[in-house]
Each structure stands twice: as C-alpha cells, then as structure tokens.
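Let us go through this structure step by step, beginning with the overall build of one chain and moving on to the surroundings of a ligand and to single elements.

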Amino acid sequence: MADIISLDHLSVTFQQDKEPAVHAVSDVTLHVEKGDIFGVVGYSGAGKSTLVRTINLLQKPTQGTVKVAGKVLFADGQQQIAKKDLQATRRNIGMIFQHFNLLNENTVQDNVIFALKHSDLSDDELENKSLKLLDMVGLKDKAQAYPVQLSGGEQQRVAIARALANDPEILISDEATSALDPRNTNQILDLLKDLNNKLGLTIVLITHEMDAVKRVANKIAVMQKGQIIEQGNLRDVYLRPKKELTRQFVGGSLAAMETLKAFNLGALAPNEQLFQVVFSAANVTKSVILDLYKQLHVDVSMLYGNIEVLGNEPVGTMFILVKGDPDQLNQVQTLLKGENVEVTKIDDRGIWND
Amino acid sequence: MTELITKYLPNVANLGWGGDSGWGTAIWQTLFMTFWPAVFGGLLGMIFGVILVVTKPGGIMENRFWFGLCDKIVSLFRAIPFIILLAFIAPFTQLIVGTQIGTTAALVPLSLGVFPFYARQVQVALESVDNGKVEAALALGATNTDIIFDVYLREARSELVRVSTVTLISLIGLTAMAGAIGAGGLGNTAISYGYNRFNNDVTLVATILVLLLVLIVQLVGDWLAKRLNHQDR
Ligand SMILES: Nc1ncnc2c1ncn2[C@@H]1O[C@H](COP(=O)(O)OP(=O)(O)OP(=O)(O)O)[C@@H](O)[C@H]1O
Ligand SMILES: [Mg+2]
C-alpha cells in the first residue's frame with residue numbers, strides 16, 4: 001500500500017536567543033501507510049509532539065521533507081504550497097489533543113460547525129452533518145450543551161467529531177487519552193479503532209501509554225531524544241525489541257514495574273537471575289516453567305505474569321526468578337529461545353530505571 | 001419632593017434642571033463624554049489589543065515591526081498623565097473638532113486617554129485564551145480572520161466585558177477631569193458650583209450621581225460577563 005504520510009530526514013531545531021539550540025527532532029524518517037494505526041511512543045520531551053505537528057505544518061521543520069496524501073508540503077527548507085492550499089490540506093488531517101481544545105463559548109454542535117466553516121454546505125446540510133457526526137460519537141443529545149457541561153471523555157468525543165467534520169483521511173491524536181480515566185480511555189481508543197475499520201481512517205497515535213498502542217495500533221515507533229530508535233509492526237517490535245528503551249516500554253507496563261519493585265530485587269542472591277519471558281499465541285498453552293524445571297532442574301518462581309491481546313492475538317509476558325548454579329542459569333536463555341520464546345535477562349536495575 | 005430639596009439642599013435646587021449650570025445638562029454632558037470616547041477609544045483600543053496579540057512573537061501573524069510599533073504607541077500614551085494630555089493635544093483637537101474647549105473638544109483627549117488603557121486590558125484578556133484552542137483551530141484549516149473573531153474574541157468575550165466595565169468606570173473618572181477645559185459634566189458641577197463656592201450640598205449630590213452611574217455600569221457589566229461565561233474557571 002502507498003504511503004499516505006512520508007516524513008523524510010526530518011529535523012526540527014529550536015533556536016532561542018543565547019540559549020543552546022534544542023534538537024527536538026533529528027533526522028527522522030517515518031512512513032505511514034493508508035489504513036495504519038501508527039503508535040508513536042516515548043518519554044516526555046522525546047519530541048513526539050514536535051514530530052507529528054510537522055505533518056500538518058503546525059510546526060515548520062528545519063530540514064527534511066513532508067509529504068501528505070501525495071502532496072509535498074515542505075521540502076528544501078521551505079513550505080511548498082500556498083497558504084490557502086495548506087489550510088485546505090489541514091482539513092484533510094484531523095487532530096485531537098490532550099486537553100481537547102474545544103471552543104468553550106460555542107455549543108457542542110457549533111464546535112463541529114466551526115470546523116465546517118469553509119465547506120460549501122448549506123445551513124440545512126451543516127445542521128444535518130454536524131448532528132450525524134455527533135451521533136457517530138454518541139453525543140447527539142448533547143448538541144446544545146456547552147463543553148464545560150460535559151465530562152472529559154465526552155469533550156474528547158466532541159473533539160473527535162470536530163476533527164472528522166471535513167472527512168479527513170488522516171487523524172492525528174496527540175496524547176488524546178492522557179487526561180482521561182481508564183474506562184474513558186478505552187472507549188475513546190475503541191472508537192478510534194472502529195473509525196479506522198469503518199472509514200479506513202489512517203491514525204497517528206502519540207502516547208506514553210504503551211497499553212493504548214497495544215490495544216489498537218498495528219505499527220509502532222519508539223522515540224528517544226528526537227530520534228526514532230526502533231519502528232516496525234507492533235508484533236515484531238513487541239516480541240523482539242532491540243533497544244533497551246523499547247524493552248522498557250513493551251515489557252514494562254506499569255503493573256509489571258510496580259510488581260517487580262515490590263519484590264525489592266536489589267537483593268538478588270548470586271545464584272538467582274531474573275528473566276523477562278515473552279511468548280506468542282502458539283505457546284500460550286505450553287508450560288514454560290515446567291519445561292525449565294524438567295530439563296534444567298532449576299528452581300523457577302514467577303513474579304509477574306500477564307497475557308494481553310496485541311491486535312487480535314494473545315501474547316504473554318512473564319517475569320521469572322530462576323535459582324540455580326551459573327551453568328544452569330546460562331542454559332536458560334538457550335533453552336527458551338529454542339521454544340520460540342523471547343527471553344531478556346534483567347540485571348538488578350535494568351528495567352525499572354527510566 | 002421639590003419642597004424637600006429646596007428646604008434641605010438649597011444650592012442644589014438653585015442650579016435647576018436645564019440651562020448651562022443645570023443638573024440635567026451636567027448629567028447629559030457626563031453621559032455624552034462617556035459614550036463617544038467609549039466608542040472611539042474602545043474601537044481603537046480593541047484594534048491595538050488584537051494587533052498586539054496576533055503579531056507578538058509566536059502569534060498567528062508574528063511581526064516584529066508592527067508589534068514593536070503598537071507596543072510603543074500604547075506605552076507612550078499610557079505614560080502621559082491625562083491632565084497633561086488634555087493640554088498637549090489641544091492643537092490636534094482643534095484640527096479635528098474645530099475647537100479646543102467645551103464638551104465636544106473633550107471627546108478627543110478622552111478617547112486618546114482611554115484607548116491605551118483599554119488596549120492593554122484587551123491584550124491581557126485575549127492572551128488568557130489558551131493557545132491550544134488557537135492551535136486546534138489552525139489544525140482545522142482556520143484562517144487568521146477565523147481565529148481573531150471565532151477564537152480570540154469569542155472565547156474571551158466574558159473577559160472582554162469585564163475589562164470593558166473597568167475601562168468604562170475609569171472613563172467616567174476621566175470625564176470629571178475634563179471639566180478643566182470647560183467640558184462641563186457632573187465633575188465640573190462638583191468643583192465649580194460645589195467646592196469652589198463652598199456649597200457642600202452640591203458636591204455631595206454630584207458625587208452621589210457619579211457613584212450611581214458607576215454602580216449601574218458595574219452591575220450591568222457583571223451580569224453580562226457572568227451570562228457570557230462558559231469557561232471552566
Ligand atoms: N516551541 C518550542 N520552543 C523551544 N523548545 C521547544 C518548543 N517545543 C518543544 N520544545 C522542546 O523540544 C523537545 C521536544 O518536545 P515535545 O513537546 O515534542 O516532546 P514530547 O515527546 O511531545 O513530550 P510530551 O510527552 O511531554 O508531550 C523538548 O525538549 C521541548 O522542550
Ligand atoms: Mg507532547
């Protein structure tokens with residue numbers, strides 16, 4: 001499938017008087033295909049927002065090329081399209097934000113109609129279309145309410161209706177669920193997934209919550225210090241993370257971190273070793289722990305275990321503490337790899353230090 | 001009623017209602033000197049306030065030159081005490097309204113006196129609009145005009161009413177000073193017919209009338225600001 005968004009060798013540098021330059025994005029290349037839900041994860045300050053804001057040129061790059069839906073928007077250090085065309089292009093790229101950014105002095109319906117200001121719909125059509133959009137996000141009955149009267153989750157739904165008003169091909173979500181509680185978060189994510197299925201909407205999902213990406217994305221990019229350190233299909237990256245940070249993200253869901261911390265693993269004995277074990281659907285029914293005991297005669301205890309659905313496939317994660325002599329411990333990794341299980345040795349600090 | 005006034009406030013009654021020194025004339029002059037400068041100074045202040053916000057560094061129409069120019073003009077006019085401004089721009093007043101004294105002549109310095117104050121108030125009010133809203137509008141393909149009218153002015157409307165109330169009240173204060181160039185009004189009544197002639201009853205009534213006017217403006221302003229506010233603060 002063709003790329004709908006191509007960012008090539010993109011850099012954004014902030015130069016403030018007297019202060020040293022901030023390289024918020026350095027030489028990033030990112031290609032999003034039509035129909036993707038592309039998750040971009042990374043810690044605060046990694047440059048995620050800056051990177052995606054270049055897609056609709058809310059942020060002008062310092063260097064590189066931005067191409068959206070076949071049109072070059074930015075290249076050779078310059079904007080390549082006229083202001084009017086850029087405004088039209090932006091209507092093809094919806095965007096939602098952490099703090100919703102609705103117009104508080106307009107009713108819910110008028111917020112949606114505001115997005116349609118430059119369409120050539122008649123008043124009747126505006127009325128109908130805005131109500132249809134609100135119906136799609138389940139808020140038709142709140143059309144005449146003001147944003148302040150809605151809950152956070154509802155406000156974000158209005159923002160989604162507004163972002164989709166001009167039937168865009170692309171939706172950018174910048175931490176859109178970060179201010180919401182878990183239930184609302186999942187509802188919004190499922191709504192996005194649904195829109196992706198039904199409308200073929202391409203979604204770029206920025207978040208620092210890996211769980212959100214796991215729930216809906218098919219691709220993932222991990223950002224650190226302005227660079228994408230790893231990207232690919234969610235499953236591949238999840239099962240075979242190459243970089244330390246990626247491992248922290250994919251293996252280090254908050255629950256796992258908290259659990260491990262509670263074990264106070266600074267006090268590992270010399271004959272103990274901690275492993276993270278990730279296995280895919282085919283192996284879920286297999287008893288990894290039993291195999292280790294049977295074949296290596298090591299003492300295995302499970303500190304944390306979890307099975308989650310990635311895309312549509314269950315993937316398990318375990319943290320196991322293995323007790324044995326050095327010889328036996330060395331064989332653990334070899335044995336498990338033979339079973340098509342992803343093993344990572346975790347040293348005493350490894351995973352829970354940012 | 002008339003008897004009571006004649007008995008207890010003889011000097012007040014002496015001034016009468018109509019005529020050059022009458023109460024009706026004074027009230028009318030005060031309203032006149034509040035209304036037109038509010039329109040002219042308000043419009044000018046609003047325009048400067050908007051320009052300051054959109055041309056500031058990082059604004060939607062960032063422009064060092066226009067920002068610097070408007071900023072300096074506003075600062076300069078704010079720095080001149082009103083009573084000096086009255087005298088200072090007299091030739092300019094002559095040019096515009098054809099006279100340097102009287103109620104009409106006062107409209108020019110009053111407008112110029114109130115505009116920088118209002119411009120700063122508008123600037124602050126518009127800056128209270130979260131930049132995220134501007135950004136979201138830009139992402140929706142909004143034009144600069146859309147952003148000025150539908151985002152900045154609309155989102156800040158309650159705040160704008162509030163600062164307009166404050167400005168209007170300080171403008172009422174300025175009209176009293178305009179009496180210095182023979183502009184009339186309640187301020188002039190209080191000074192010329194009250195204070196200067198030791199007619200304390202006149203001063204008292206003039207003061208009460210000014211306070212009443214301020215109170216009405218404040219109440220209407222508060223009510224409107226509250227009605228127009230749907231922000232979550
Ligand atoms: N307008 C700006 N001027 C100067 N520096 C900026 C600007 N915008 C962002 N930065 C800097 O660029 C870096 C990347 O910021 P960015 O907002 O893209 O990070 P992020 O990954 O989105 O973080 P978060 O998860 O907190 O939203 C940060 O160091 C930030 O301070
Ligand atoms: Mg961000």
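How many helices and strands does chain A have? Chain A has 12 helices and 15 strands, where helices (H or I, at least four residues) and strands (E, at least two) are DSSP runs numbered from the N terminus. This is a predicted model, in which local features need pLDDT of at least 70 and side-chain atom pairs count only at pLDDT 80 or more, whereas totals for chains, interfaces and linings use all residues. Residues are numbered from 1 along each chain as its sequence is written, chains are lettered from A and ligands numbered from 1 in the order in which they are written, and side-chain values use heavy atoms, with hydrogens and water left out.

The C-alpha trace of chain A spans about 75 × 50 × 40 Å along its principal axes. Of the 354 residues in chain A, 53% are buried, meaning under 20% relative accessible area (1.4 Å probe, protein chains only). Among contacts (heavy atoms within 4.5 Å) in chain A between residues at least 6 apart in sequence, 69% join residues at least 24 apart.

We turn next to the ligand. Around ligand 1 there are 13 residues, of which A:Ser44, A:Gly45, A:Lys48, A:Ser49 and A:Thr50 come nearest; a residue counts as near if one of its heavy atoms lies within 4 Å. Helix H1 (48–53) and strand E2 (22–33) of chain A each supply at least two residues of this shell, and H1(A) gives the most, with three residues. An oxygen atom of ligand 1 is 2.5 Å from an N or O atom in the side chain of A:Ser44, and an oxygen atom of the ligand is 2.8 Å from an N or O atom in the side chain of A:Lys48. For A:Ala46, a backbone N or O atom lies 3.1 Å from an oxygen atom of ligand 1.

Elsewhere in chain A, A:Ser130 lies in helix H4 (residues 123–136). A:Ser130 is buried, with a relative accessible area of 0%, and, not counting residues up to four places away in sequence, it touches A:Gln109, A:Val112 and A:Ile113.

In chain B, the 21 residues of helix H10 (residues 157–177) should span 30 Å at 1.5 Å a residue, which agrees with its end C-alpha atoms being 30 Å apart. The buried residues of H10(B), among them B:Leu160, B:Val161 and B:Leu171, pack against helices H3 (23–55), H5 (82–88), H7 (103–127), H9 (144–155) and H12 (200–227) of chain B.

Notes: Polar contact = N/O pair within 3.5 Å; in protein donor to acceptor, adjacent residues only side chain to side chain. Expected span 1.5 Å × (residues − 1). Buried < 20%, exposed > 50% of the residue type's maximum accessible area, 1.4 Å probe, protein only.
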